[in-house]
Amino acid sequence: MDTEGAGGEREAPARRRGQGELEAQVLSVLGEATEPVTAAWVLERLGSGLSYSTVITILTRLHAKQAVTRTGRGRPVLWQPVANEAGLAALRMRSLLDKQSDRDAVLAGFVSVLSADDEELLRSLLAESEPGGGDAPGSGPGAGPDGPGRPGAAPTDRPEG
């Protein structure tokens, strides 16, 4: 519903942010800092009419996602990014994957919808992450620490969380 502002002109309703948009903005602002900063520092730089409590809520959510660290028990609490926007997207992907009972099916489905360029990029990233750069006997496409199959997917390789 549009509202009428001063002078009779119509004002458009406030645009609702997309999921994760505010988190990305907070991470971007934190990325500009050269040292851990307060929530007030973040709020000042966002300059988008947000309340202090909203910024605290977003920082707390990012902390729960391990995208930021929090230092100090008293006041002021200082915040620092662990992940940038790409890192936050990766954390979200990992969180979604962790909630699935059939990880193999989810990963297979993900790979099946990648473009050829993205698939090649993923293959090169996996090859770079292999111990010894993939020079070990038995290494190659589809070979990981458990032999052929799921590269790097040994259950002991997964951090708890």
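## Overall composition

Of the 161 residues in the protein, 20% are buried. The model described here is a predicted one. The accessible surface of the protein amounts to about 11,400 Å², and carbon and sulfur atoms account for 53% of this area.

The protein contains six helices and six strands. Their order along the sequence follows the pattern β-β-α-α-α-β-β-α-α-α-β-β.

## The largest nonpolar core

The largest nonpolar core has 21 residues, and the members that touch the most others are Val26, Leu30, Val42 and Leu62. Three helices each supply at least two residues of this core: H1 (21–32), H2 (39–46) and H3 (52–64). Helix H1 gives the most, with five residues.

Val26 illustrates how parts of the sequence meet in the model. When neighbours within four places in sequence are left aside, Val26 is in contact with Val42, Leu46, Ile58, Leu59 and Leu62.

Gln66 is located in the loop between H3 and S3. Although Gln66 is not a glycine, its phi is positive, at about 60 degrees. The relative accessibility of Gln66 is 57%, above the 50% cut-off, and therefore this residue counts as exposed.

Strand S3 covers residues 68–71 and strand S4 covers residues 78–81; the two pair in the antiparallel sense over four bridges. One of the residues involved is Val68, whose bridge partner in S4 is Pro81. Together S3 and S4 form a hairpin, with six residues between the strands. In the turn, Gly72 has a positive phi of about 95 degrees.

## A nonpolar patch on the surface

A nonpolar patch on the surface is formed by Met93, Phe110, Val111 and Val113. The accessible area of these residues together is about 360 Å².

Phe110, one of the patch members, is placed in helix H5, which spans residues 103–112. Is Phe110 buried, exposed or partly exposed? Its relative accessible area is 37%. This value falls between the 20% limit for buried residues and the 50% limit for exposed ones, so Phe110 is classed as partly exposed.

Note on methods: Residues numbered from 1 in each chain as written. Predicted model: local features only at pLDDT ≥ 70, side-chain atom pairs only at ≥ 80, totals over all residues. Heavy atoms only, no water. Pairing = 2+ DSSP bridges. Core = buried A, V, L, I, M, F, W, Y, C linked by side-chain atoms within 4.5 Å. Buried < 20%, exposed > 50% of the residue type's maximum accessible area, 1.4 Å probe, protein only. Contact = heavy atoms within 4.5 Å. Patch = residues over 30% accessible without salt bridge, like charges linked within 9 Å, V, L, I, M, F, W, Y side chains within 5 Å. Areas by Shrake-Rupley, 256 points an atom, 1.4 Å probe, with all protein chains shown as cover. Salt bridge = Lys/Arg side-chain N within 4 Å of Asp/Glu carboxyl O.
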